[in-house]
Amino acid sequence: MTSNAPSTAAFRVAELSQNSATPFEVRPDAPKNAAIAAELDLLDLRKVRFVGKIKAMGGADWVLSATLGATVVQPCSVTLDPVTTRVETTVERVFLKEIETFEDEEEVEMPEDERTERLGQWIDVEAVMIETLSLALPEYPRSKDADLGEAIYSDKGVAPMTDEAARPFAGLAALKDQLEPKD
C-alpha cells in the first residue's frame, strides 16, 4: 500500500504474491464511518468489519473473497424514524486482465458474471467494501410500528374505493357464500 493508491486499503497488483493468498482486514475508524454513512445517505454506520483475502487465479487474474459485517441506521421509509439493521454478507470479485471490448471503443461488454471486473494496477478493497455495503442495505427499512394506514378519497355521493373493495376475489367469495346451501 504505497503512494498514489486509490485508498489506504488498496493493494498494488504487482506486489501481490502469486503463490499465497494476501489476507486483509478493514475496520474503518469513526471519521471514515461517518464519511461512508454520508456517501450512502445513512443516519449512522458502526461496527464495520471487512475481512478476506486476495489470491491469484491463473497467471494474470485475481479473486477477492471476503465477508462484510456492519451495523447501519437508516430512516424508516414510512415514518422516517431511525431503523437499525445488522448487515452480514459475503462477496467475491474476480479481477480479469482481459475483458472483451467492442472494436476500437473503450466500452466493455457486460459479462454474464456480475462478479467480474477489469483488473487495473490496484485492487481497492475499501471500494469493494463500500459497494458491497451499498448493495446489501435494506431498500425500504421499516420500523416495527410503521403503518401506512389507509387514505380514502371520493366525490360526493360516490362510495369510496377501499383496499378491501379493490381485492379482486373478495366479491366472488361473498357471492359464493350466499349461493352455497346452508346446513
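Student: Which residues of helix α1 (residues 30–39) are buried?

Tutor: This is a predicted model, in which local features need pLDDT of at least 70 and side-chain atom pairs count only at pLDDT 80 or more, while totals for chains, interfaces and linings use all residues. Residues are numbered from 1 along each chain as its sequence is written, and side-chain values use heavy atoms, with hydrogens and water left out. A residue is called buried under 20% relative accessible area, exposed over 50%, and partly exposed in between (1.4 Å probe, protein chains only). Helices (H or I, at least four residues) and strands (E, at least two) are DSSP runs, numbered from the N terminus. In α1, the buried residues are N33, I36 and A37.

Student: Why do the buried residues of α1 line one face of the helix?

Tutor: An α-helix has 3.6 residues a turn, so residues three or four places apart point the same way. Here the buried residues of α1 fall within an arc of 100° when seen down the axis, so they line one face of the helix; the arc is that of the directions from the helix axis to the C-beta atoms. P31, A38 and E39, on the other side of α1, are exposed.

Student: What covers the buried residues of α1?

Tutor: Contact is counted when heavy atoms lie within 4.5 Å, and the cover over the buried residues of α1 includes β3 and α2 (125–136).

Student: Which strands form the open sheet, and in what order?

Tutor: Two strands pair if DSSP finds at least two bridges between them. The open sheet has 5 strands in the order β2-β3-β4-β5-β6, with mixed pairing. Its edge strands, β2 and β6 (116–118), each pair on one side only, and the twist averages 25° from one strand to the next. Between β2 and β3 the pairing is antiparallel over 5 bridges, and P23 stands opposite K53 in β3.

Student: Where does α2 lie?

Tutor: Axes are lines fitted to C-alpha atoms, for helices over the stretch in contact, and angles run from 0 to 180 degrees between N-to-C directions. Helix α2 lies across β2, β3, β4 (61–75), β5 (82–96) and β6, and runs at about 130° to β5.

Student: How many aromatic pairs are there?

Tutor: A pair of aromatic rings is described by the distance of the centres and the angle of the planes. Rings of Phe, Tyr and Trp (its six-membered ring) pair if their centres lie within 6.5 Å; planes under 30 degrees apart count as stacked, over 60 as edge-to-face and the rest as tilted. By this rule there are 2 aromatic pairs. The rings of F11 and F24 have centres 6.4 Å apart and planes at 50°, so this pair is tilted. It links distant parts of the chain, with F11 in strand β1 (residues 10–12) and F24 in strand β2 (residues 22–26), 13 residues apart.

Student: What of the rings of F24 and F50?

Tutor: Their centres are 5.6 Å apart and their planes stand at 40°, so the pair is tilted. This pair also links distant parts of the chain, since F24 is in strand β2 and F50 in strand β3 (residues 44–57), 26 residues apart. Together, F11, F24 and F50 form one aromatic cluster.

Student: Is F11 buried or exposed?

Tutor: F11 counts as buried, at 12% relative accessibility. F24 is buried too, with a relative accessible area of 7%, and F50 is likewise buried.
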